[in-house]
Structures are given as C-alpha cells and as structure tokens.
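Here is a short note for a colleague who is opening this structure for the first time. Please read it with the model in view.

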Amino acid sequence: MAELKLSETRDLTRIERIGAHSHIRGLGLDSSLEPRDVSEGMVGQTQARKAAGVILQMIKDGKIAGRAILLAGQPGTGKTAIAMGMAKSLGLETPFSMLSASEIFSLEMSKTEALMQAFRKSIGVRIKEETEVIEGEVVEIQIDRPAVAGAASKTGKLTLKTTDMETVYDLGAKMIEALGKQKVQSGDVIAIDKASGKITKLGRSFSRSRDYDAMGPQTKFMQCPDGELQKRKEVVHCVSLHEIDVINSRTQGFLALFTGDTGEIRAEVREQIDTKVAEWREEGKAEIVPGVLFIDEVHMLDIECFSFLNRALENEMAPILVVATNRGITAIRGTNYKSPHGIPIDLLDRLLIITTQPYSADEIRKILDIRCQEEDVEMYEDAKQLLTKIGHETSLRYAIHLITAAALNCQKRKGKVVEVQDITRVYSLFLDVRRSTQYLMEYQKEYMFNEASVVDGAEDDADAMHD
C-alpha cells in the first residue's frame, strides 16, 4: 500500500514578524529606574537606558514637553533599540511616531509640511463625552416574522432586566439585524448605545453558568447589572491632532485616513483646530497627551528642516522629540559648515544628549543568545563562542545576520543544532565590511569608475616626478 505523504504546514506568521528589534519588550528597568543586566530584550548600555528611563518617567508624569533628546553613538550600539524600548514602555495610550530623516525628501509635499504632520501625529487628544447606554441582561427576545416573504418588515420585542427592574423594548428591523449579527440570546448581558444603536455583547449572566459546558471556555461570565437600565456613561476617545486635521481638511472626512490621501493641510485649518481643542481643554472635555516623535538618521535633514525644528519645539503643542545619529563631526546638509553629528550648534544646545557605548564580548554573547531564541535557532556552545568572536572582531549586525544563514545551512545537511562547521561555512560565503573592502583593494583595477585607482595612479606619477 502506498504511503500517504501529508504536505508539511508551517506557521509563517511568527517567522514574518521577526524583525531587527522584535525581541525588544521595553527598557529593562526596575521600579527605581535602575537598569537590569539583561531584561525585556535589552542588554548592556546601562547609562543610556537609565537616562532614557528618567526621560520616560517625565513623559508619563506630563512634566516634560517641547524637549528634544539626541541618541548618539557608533553604528550597531543600540540607539534604535533604546527608542523602541521607550515606545514599548509608554504603552498604547501615548502616541509614538517613527520617521527616518530621508523619508521627508521622497514625499509628495514640502519638507516642513512632512515634519509638521509627523509632529501632529505624535500629539494625542483624549476626548471625553457622555453617552446614554441601556445595559442589562436579556430575558427574552421575540421576533415576529411575516408569513409572506417581503410582505412587511420584521418586528419584535426585547426584554431586559437589572437586579432592580425589568423593561420590554419594541424592536425595529435594524435592531433585529444588529442582534442577529451579535448572536444575542437570552442570558447575555448587553449594552445598547442610544445615540447610534450599537449593540455590545459584554458577557453572559452568572445565572446561566450551568450552560458553561455548552458555551466553551472563552465565554465571559458576569453579574447581572444593578440599578437603572438606562445609564449615562463617560466614553473616552483617543485620537491624534493629525487625524483631526485630515478629517477637517478633506471633503470625504475620516475616509481620507484610510485612503492615505492626506496631502498638504492649510495652516488656517490647523489654527482653527488648535483653538477648538483649547476650548475643549478649558471646558474639561479634552486632555492633551504629548507623545514622542523619533527621527532616525537625523543628520540626513538639511538646514531648513533644522531651522523648522528649532521653531516647532517652542510651540506649546510640541511632542517629545527623540533623534538618533551615528555621525561624528560632519557637514550640515545644505551648507559647507561642519558641526558635531551634522546638527547645527543652536539646535544641539536644545538637546539632552544620551551616548551609547560599543558592546563588550560578554554583552554580544548575551544579545546573540536572545536573537537565537527569538529566531528559534538551537546552537551548540562552541558555535556560539565562535559567533561571539566574529561579532566582536567584525560587527554585531553581521553576527546576527549569520544566525539564520547558519540555521539554513544546518537544515540543508539534515542537522537539528547549529555547529561550528555551519558558522564557518556561512562566514566564508558572506563577507563582512572589512573583508569586502580588502577584496576591493586587491582587485580595484578590474572595477569600473574606481576612485582608489586614480588616487594610486596620481601617487605613482608624483613619485616618478620626484625621482
């Protein structure tokens, strides 16, 4: 009898979600803002993490606004990881926007408009409103269906109760349809928004707990609501200022958020929105939540953008600006002047600077352990030691890239655990920057448009003339 071969199914969702910083869960600080050695995916950089933690606490307490922080350090020292850790630690309530400085030059709008939109995306508005809600346990649903199809619309009655009262409501066709979509049945605890007619299924009453076996483990049981059926509830909506801008500047309203056609927004629209938000704040209807805007590779911005940032940070609606760069003393884009990190001195003076240090061999080893776990790769101890040595002598990023490549090589030879031979194999296949540069220097004459050969030729000519 022929043996049946079932096609192997693989869960691709987890593989696809593994990114360069997917292992970062936070800054890895304890309650007193002291950095743990290895925690939440973070390793080393204790001073930088402690400084970021202090800034984070000030953001949460609302004691800092319109400030800017610079993360400066060599390539591969965890600047973006610290920014990602800040984002994860802030939670979903605080807006966090990420932007690469080179992005603003490729958008179909002016540079300053792109920066302004990024600023507005990073400022949240928590809007409070009171709404009337009918909340109770469903006792009975009666739906009268017409005998002849299409003769008349469905009608029905809904009986709701709390611990204090019971009421019967007449149902129209739309409400019957909504109840059907939510699969509401007697014993469910529901909430109906009077303004919109939206039905929310809150759970199931404890009085029906004997139905547990029939319902499944995901069913949430709750007490029957007490008091009046009709209640006033405060609902909080969290939106960004940019979303309010788009809704008010486009004819299609909030649908413009989904089409992505935001375009340039007029200054008058923003002024009116700022005035309205200020009114809401005075009336206690709204609350401003200053978020964080992270600009990576900030040295790619030009002098116009830096001038705009100087002015934008003085605005009372400014978020916390976090920028990162790996440049030393270099030219400011758009000028011939040189400055530390390629940032003008007047803007540098506004920045709180956090520096990152190169990782030690021990820290590289810990990071590689975390990445092996994240990428679901098993590796022998001696293979990890070799990979750590490679990371220390070349770069951490190169060593991390070799993990998956070595795992694939191991898989090809039908192995289950990565060995030294797998690391050696991929090390010989893929060059690091130093070996690639060495190769170019050896074979430079065989490449086109090579500047090194021109320089060498000029030196040879100079030596001949000297002789």
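Predicted model: local features only at pLDDT ≥ 70, side-chain atom pairs only at ≥ 80, totals over all residues.

The points below cover aromatic pairs, charges over rings, a surface patch and salt bridges.

1. The structure holds three aromatic pairs. One of them joins Phe119 and Phe308: the ring centres are 6.4 Å apart and the planes stand at 80°, so the pair is edge-to-face. Planes over 60 degrees apart count as edge-to-face. Phe119 belongs to helix 4 (residues 111–121) and Phe308 to helix 10 (residues 303–312), so the contact ties together parts that are 189 residues apart in sequence.

2. Cover on that pair. The cut-off for buried is under 20%.

3. A tyrosine pair. Tyr398 and Tyr427 form another of the pairs, with ring centres 6.3 Å apart and planes at 65°, so this one is edge-to-face. Tyr398 sits in helix 14 (residues 396–412), while Tyr427 sits in helix 15 (residues 420–429), so the pair ties together parts that are 29 residues apart in sequence. Tyr398 is buried, at 9% relative accessible area. Tyr427 is partly exposed, at 28%.

4. Charges over rings. The charged end of Arg435 sits over the Tyr427 ring, 3.7 Å from its centre. Elsewhere, the charged end of Arg333 sits over the ring of Phe105, at 4.2 Å from the ring centre.

5. A nonpolar surface patch. Which residues form it? They are Leu431, Tyr439, Leu440, Tyr443 and Tyr447, with about 460 Å² of accessible area together. Tyr443 is placed in the loop between helix 16 (433–442) and helix 17 (451–466). Its relative accessibility is 34%, so Tyr443 counts as partly exposed.

6. Asp170 lies in strand 7 (residues 166–171) and Lys157 in strand 6 (residues 155–161), so to speak distant parts of the chain, 13 residues apart. Asp170 is exposed, with a relative accessible area of 63%. Lys157 is partly exposed, at 40%.

7. Salt bridges, within a helix. Glu279 bridges to Lys276, with the closest N and O atoms 3.6 Å apart. Both residues lie in helix 9 (residues 267–283), three residues apart, which is about one turn of the helix. Glu279 is partly exposed, at 35% relative accessible area. Lys276 is partly exposed too, at 41%.

8. Salt bridges, between helices. Lys384 forms a salt bridge with Asp369, the closest N and O atoms lying 3.2 Å apart. This pair links distant parts of the chain: Lys384 is in helix 13 (residues 381–393) and Asp369 in helix 12 (residues 361–374), 15 residues apart. Lys384 is buried, with 19% relative accessible area. Asp369 is partly exposed, at 27%.

9. A network. Which residues are linked in a network of salt bridges? They are Glu113, Arg120, Asp245, Arg270 and Asp274.

Conventions
Residues numbered from 1 in each chain as written. Heavy atoms only, no water. Phe/Tyr/Trp six-rings, centres within 6.5 Å; stacked < 30°, edge-to-face > 60°. Helix = DSSP H or I, 4+ residues; strand = E, 2+ residues; numbered from the N terminus. Buried < 20%, exposed > 50% of the residue type's maximum accessible area, 1.4 Å probe, protein only. Lys NZ or Arg CZ within 6 Å of the ring centre and 35° of its normal. Patch = residues over 30% accessible without salt bridge, like charges linked within 9 Å, V, L, I, M, F, W, Y side chains within 5 Å. Areas by Shrake-Rupley, 256 points an atom, 1.4 Å probe, with all protein chains shown as cover. Salt bridge = Lys/Arg side-chain N within 4 Å of Asp/Glu carboxyl O.
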